[in-house]
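Subject: Structure handover

Hi,

Here is the structure I promised. Please open it first, then read my notes below.

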Amino acid sequence: MRSKDENTAVADPSVLPKTGDTAAVVDLLPGVRLAGRFLINKRLGSGATGTVFSALDTTVGQKVAVKLLRPDLSEEISRERLRREVRAARPGHNNVVTVFDLHEDSGRVFLSMELVEGRCLRDERGRRDQLPWHEVVGIGRQVAAGLAHLHNKGLVHRDVKPGNILIANDGTAKVCDMGLARPVRQGGTVTETAMVVGTPAYMAPEQARAGDLTPASDVYALGLTLFRSLTGHVPFEGDTAVETLMLRQKARPPGARGSRTPCPRWFDRLLRRMLEPNASDRPSATVVAAALEKGAFAWLPSKTTLRRTASALAVIVVAVVVVLGIWSRWTTPQLDPTTNLRFTAQRFVDETAVEITDTDGNVLQTVDLGGTWDPDQFRSRAARRVAFGDFNGDGWVDAAVARFRDESGRPLVIFLRQPDGSLEFAVEHRVNLSFSYDGEVFTNFRVIDMISEDLDRDGIAEIALLEASSPYYPSVLRVINWNNQTRFRLWHPGVLKSVQAADRDHDGRQELYLGGTCNFLTPPESNTSAPVFLAIEADWNQPDLEVDLFEPGRKFASSTPSGIRIHYAAWPRIDVPAFRAAWQAVLVQKQSKNVETYLFSLIVSLQDRVAPTPGTGFRMGVRHAFIGFDLQQINAQWEPTVAEILGVDPNIPEMQALLKPRYWNGQTWQEESCFMATSDSVPVPGS
């Protein structure tokens, strides 16, 4: 059931349009052109500040939303102030509807804005009275991030509610109607219903006192919105707008958890804190977004609670300190920042999450990776998205986690170890790559695999990321530090599936080893690829190193830049009636610690979903290769059950030929192991 006052804006009756007054919209019928530029399509809705239409910006050929301000409001609000707010909101944010500009036409004032294809949260609640808690968390995280952006710009939204939260068709949540609601006359109070700012069901307590609206007011309104989405009702609701706001002056925030509203305790704690009656006791939007991102929120006493108890504590402070100190030692786990980290993968609704613990078993972080839960693949999938290393040089192990997907476009999250042994969120990075080849621009890169190693031997670990453009071409290896500064970049024509590091020549410097697939080794019309293996040697101390293995006309690079050596091996595709997988790749696996006869074992072409080994998370390999420390293939064999699976005798010459790799020297493929030519050399034999 919808809240009583949810759709009612509080306003001074003297400034509302009279019955039948359509001055704001009378000329905006379909086909009307505003400012000689915006061709009106249809009316989308009206609110306290104006009416919104869909339109076509004929200047740029872009669909937009046009918001025509009420005539009385456009006269009251300074046009210059509106222009300042529009400018201040730039650059935009993915979770805030973009306002392009302020316009005037024949005395009418209107805004051109981003047109969001989707629905508003209020309409979604009309279909489902209560939303699952994890869905509410996802929406709340995005809205909080958008509000934090506005607050950092010095702006307050003033009317956060379900009707002002749009959910795009791709799931992105966006705050709309930003920063336009303002008092329409000085001196009005809520008891006189003289405010155009806010909707009673979602107003903060300070609005009843005609107090200044601050970012904390937006946090309160967001807390009410999330509470309503989770439970189906708004707390502190009276029979009238005035009674509702008076109830919120001192009422303690209620709990959201119950038999009808299951949710984690940390989320319930966060909602309670967002709904504190004292504005100074509420967390900032940035803190809310981080808590919803991490799936954790620590319960700390509010500032008001601390002030009220300060005098009482002063009387018995000595005794309390002694008792609490002893009790803390008995009950609170003492974290040690020098311990190593580990992780376990677990099911989170229908997705995959990782729980990061120290070696004593203390849970330090839990992160939802997204992606569909796969009971056979969850361990290996999670292992490719978690890396540990000392990222800031303090001697303690930190963590990097890459999500499968993220609405904010920031799938890489860095957590840093603290002196008290905790693991705290530090920063998140956007995968925002673009690559052009043969007249086509590739974007939409996603993380495939990552590891952490101290490649340049400075005591600080780098992160090696494999990222691929969906659908599966091209891909890039990036070596970055925890602040997302790129040290090395390699562009490759085909998806790179796995990355490992090793010091094969024992010179104290790590090399990187990649397995994947290459599109340039098969005819373009076949839409297939062949499995490949790369070894990369470079001076990792040099910044901004880049290698591009693309050349025009689907040709492979003839050389690498000076100082970078690449060993490139490829195997023929398997093409038999029982196995014609289009995309065949290499997976690089490190040797066991006690094995000294080979450097890596490779799975060359994975069998897709045929008899997965129970509990291992690996699909079955069809071919296996073993690479020695000189990068020569020292052994290769077919999966023992390949005859049964493929229906082919693996000992016949045609099948044995498929076990032999070829090596690219920069000009041609050869049977002997080699490195590619560098820009100042000729092909170098493998050593």
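Asp438 sits in a loop, between strand S17 (435–437) and strand S18 (440–442). Strands here are DSSP runs of E, at least two residues; helices are runs of H or I, at least four; both are numbered from the N terminus. Asp438 is not a glycine, yet its phi is positive, about 55°. The residue is exposed, with a relative accessible area of 68%. Exposed means over 50% relative accessible area, buried under 20%, and partly exposed in between (1.4 Å probe, protein chains only).

This is a predicted model: local features need pLDDT of at least 70, side-chain atom pairs count only at pLDDT 80 or more, and totals for chains, interfaces and linings use all residues. Residues are numbered from 1 along each chain as its sequence is written, and side-chain values use heavy atoms, with hydrogens and water left out.

Next, Asp544. Its loop runs between strand S25 (530–537) and strand S26 (545–548). Phi of Asp544 is positive, near 60°, and Asp544 is a residue other than glycine. Asp544 is exposed, with a relative accessible area of 63%.

Now the whole chain. The protein chain holds 13 helices and 37 strands. It has 687 residues, and 51% of them count as buried. Take the contacts (heavy atoms within 4.5 Å). Among those in the protein chain with a separation of 6 or more, 57% join residues 24 or more positions apart. The protein chain exposes about 30800 Å², with 52% of that supplied by carbon and sulfur atoms. Accessible areas come from the Shrake-Rupley method with a 1.4 Å probe; for residues, only the protein chains shown count as cover.

Best wishes
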